[in-house]
Amino acid sequence: MKTVDVRGLQCPLPIIETRKGLRELPEGESLKILIDNSASLGNVCKFLEDNNCSFVKMESGSHFELTVARGAMAITGSPAGEYCSTSRPPLSGGKYVVVLSTDTMGTGDDNLGRKLMASFVNILTELDGIPSAVLCYNGGVRLALPDSPVAGTLAELENRGVEIILCGTCLDFYGIKGITIAGKTGDMYRIASVMAAAQRVIRP
Amino acid sequence: MVMQLKTDLLQFTESGGCSAKLSPAILEEVLKALPHISDPDVLVDISTHDDAGVYRVNDKLALVFTTDFFPPVCSDPYEFGQIAAANSLSDVYAMGGRPVIALNIMMFPSASLPIEAYAEILRGGHDKAAEAGVSIIGGHTIEDTVPKYGLAVTGFVNPGSVITNAALKPGNRLILTKPVGTGTVLAASRLGLASSGDLKQALEMMKRLNNKAAAVMASAGVKAATDITGFGLGGHALKMARASGVSVQINMSAVPLIGDTLLYTDSGCIPGAAFRNLAFAEPESCFNDISDYNLKMIAFDAQTSGGLLMAVAEEKVAVTLEELRLQGHPEAAVIGLVNEFSGKYLYLSSV
């Protein structure tokens, strides 16, 4: 049995952890949730009930234990098992994250690759849904330099609310810290968490 | 060398903005026990749970009187001041009034925050009031461990053109002027889940005055409206339906959302206030036609300085929407319909 321990966590973390626990639960296993305050208990129970996840509640000394069985149906009308009967429920919305790990696109000729990359980044601004974030690391950070053909496009995307993250270690490595004209510096933790939270990660 | 640390107001609070409101269920219970007001010049009081009280001075003039204050919703003191002021002024706009004068209400921990933060909060409030053409003519500050700020606002309204919660008519279309999701995005941002773009959009929405939307509303002859704050879109719509004795149908798929609000909700980022608002509304609501759990919870996300929800006659919908978009509300959308009462006050649906 998998256990999610939300004791000591403030709202809305108990729901986030419960949601994650259900999403990652292997087929046929049940989930135990440990909760230590009544507000969180009420919210988590309501969350489970509204998603038709049946559970058993037990008081155990200073905390509560919820045991969620799998195989229930999700809320009326939504795809079966939104929460409980499939391990990877469909995500809503259409947002995606773009990774630029080099300043060229494809392998073969680098001059061609630079042109392709410029074209790719420019086309991002014209798509129906622009990305929620663009992550630049290794050679990708050079795309934010003033002489890059797409630095202006990256700045435009940033103005439109796209989070442009430049890997700080990479800026240091190439000695170009402080001279980029788009994006904000981010560490690997930020890069990894944006990737982990993304619905789709696109790498040209 | 002394390091100058940037003041971060969010260190003081777990639930900022309108989500810090007392639970609507508790509030309702307590208000019921208060003595009934019998002064005939009191045109609107707490009995219809309206946005502000209205007092008739003479046949041409009534005062719209309201207050609102809350703990920080953002790190920056100046932005917090702007948002709190925009939120306080909004109640007057929602009543069809024109805010005129205001008083500052502030709680501030002078031992733990630099006095510059106090000055910045006030500067934000005064700048926003100036943008609205309102004079702040006084105020009151007390020491408290958690900073809180807002305004008490007085506005003018013609007694014949008061816009209330209680005037919904079957057939009216409901237009919402700002996207929903401030509570969710702020919570997600505090956990490092929200993108900086989404946080920025949420802050911009909260700072935006409802004055222009109110002007459009007046020209469209709207009789019923409210502003969306702590009880969430669903909670406020329910209060209007109940005050008017009708049923309100909201299509959550048509409601504009801030950035990735849906994604944050889907990952479980559902603030406690949404559960409180849901618990308040559920007995009088029908959720049979809402298939998307996330959208249902977003309907109860507590908003800070949210948009106006206005009831517009069907033939005026197109021109009103067009005008709202021209007046700086590009997100304005038709999100629902008023029906004869059919058993429940609130009906939520999604495609």
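Reader: Where is Asn138(A) placed?

Author: Asn138(A) lies in the loop between strand S6 (133-136) and helix H4 (151-159) of chain A. Helices (H or I, at least four residues) and strands (E, at least two) are DSSP runs, numbered from the N terminus. This is a predicted model, where local features need pLDDT of at least 70, side-chain atom pairs count only at pLDDT 80 or more, and totals for chains, interfaces and linings use all residues. Residues are numbered from 1 along each chain as its sequence is written, chains are lettered from A and ligands numbered from 1 in the order in which they are written, and side-chain values use heavy atoms, with hydrogens and water left out.

Reader: Why is Asn138(A) called partly exposed?

Author: Its relative accessibility is 42%. Buried means under 20% relative accessible area, exposed over 50%, and partly exposed in between (1.4 Å probe, protein chains only). The value for Asn138(A) falls in between, so the residue counts as partly exposed. Asn138(A) also has a positive phi of about 45°, although it is not a glycine.

Reader: What phi does Ser305(B) have, and is Ser305(B) buried or exposed?

Author: Phi of Ser305(B) is near 50°, a positive value in a residue other than glycine. Ser305(B) has 2% relative accessibility, so it counts as buried. Its place is the loop between H10 and strand S11 (308-312) of chain B.

Reader: What makes Cys167(A) and Cys170(A) a disulfide?

Author: Their sulfur atoms are 2.3 Å apart. A disulfide is a pair of cysteine sulfur atoms within 2.5 Å, so this pair qualifies. The link is right-handed, with 80° about the S-S bond. Both Cys167(A) and Cys170(A) are buried.

Reader: Why is Cys136(A) in no disulfide?

Author: The nearest cysteine sulfur, that of Cys170(A), is 9.6 Å away. The limit is 2.5 Å, so Cys136(A) has no partner. Cys136(A) has 0% relative accessibility and therefore counts as buried. Over all chains, the search of the whole structure finds 1 disulfide.

Reader: Why is the pair of Phe47(A) and Tyr293(B) called edge-to-face?

Author: Rings of Phe, Tyr and Trp (its six-membered ring) pair if their centres lie within 6.5 Å; planes under 30 degrees apart count as stacked, over 60 as edge-to-face and the rest as tilted. The centres of Phe47(A) and Tyr293(B) are 5.5 Å apart and their planes stand at 80°, so the pair is edge-to-face. This pair crosses between chains, from helix H2 (residues 38-50) of chain A to helix H10 (residues 293-298) of chain B. Phe47(A) is buried at 1% relative accessible area, and Tyr293(B) is buried at 2%.

Reader: How do you know that Phe173(A) and Tyr174(A) are edge-to-face?

Author: Their rings are 5.2 Å apart, centre to centre, with 90° between the planes. Phe173(A) has 68% relative accessibility and so counts as exposed. Tyr174(A), at 27%, counts as partly exposed.

Reader: What lies over the face of Tyr174(A)?

Author: Arg142(A) does, at 4.8 Å from the ring centre. A charge sits over a ring if NZ of Lys or CZ of Arg is within 6 Å of the ring centre and within 35 degrees of the ring normal. In chain B, the charged end of Arg123(B) sits over the ring of Tyr78(B), 4.1 Å from its centre.

Reader: How many residues does each chain bring to the contact?

Author: Chain A brings 30 residues and chain B brings 27. Contact means heavy atoms within 4.5 Å. The area buried between the chains is about 2,300 Å², with 55% from carbon and sulfur atoms. Buried area is the accessible area (1.4 Å probe) that two parts lose on being put together, summed over both. In chain B, Asp266(B), Phe275(B) and Tyr293(B) lose the most area to chain A, together 25% of what that side buries.

Reader: What makes Leu278(B) buried?

Author: Its relative accessible area is 0%, so Leu278(B) is buried. Leu278(B) is in helix H9 (residues 272-281) of chain B. Leaving out residues up to four places away in sequence, Leu278(B) touches residues including Lys46(A), Asp50(A) and Phe287(B).
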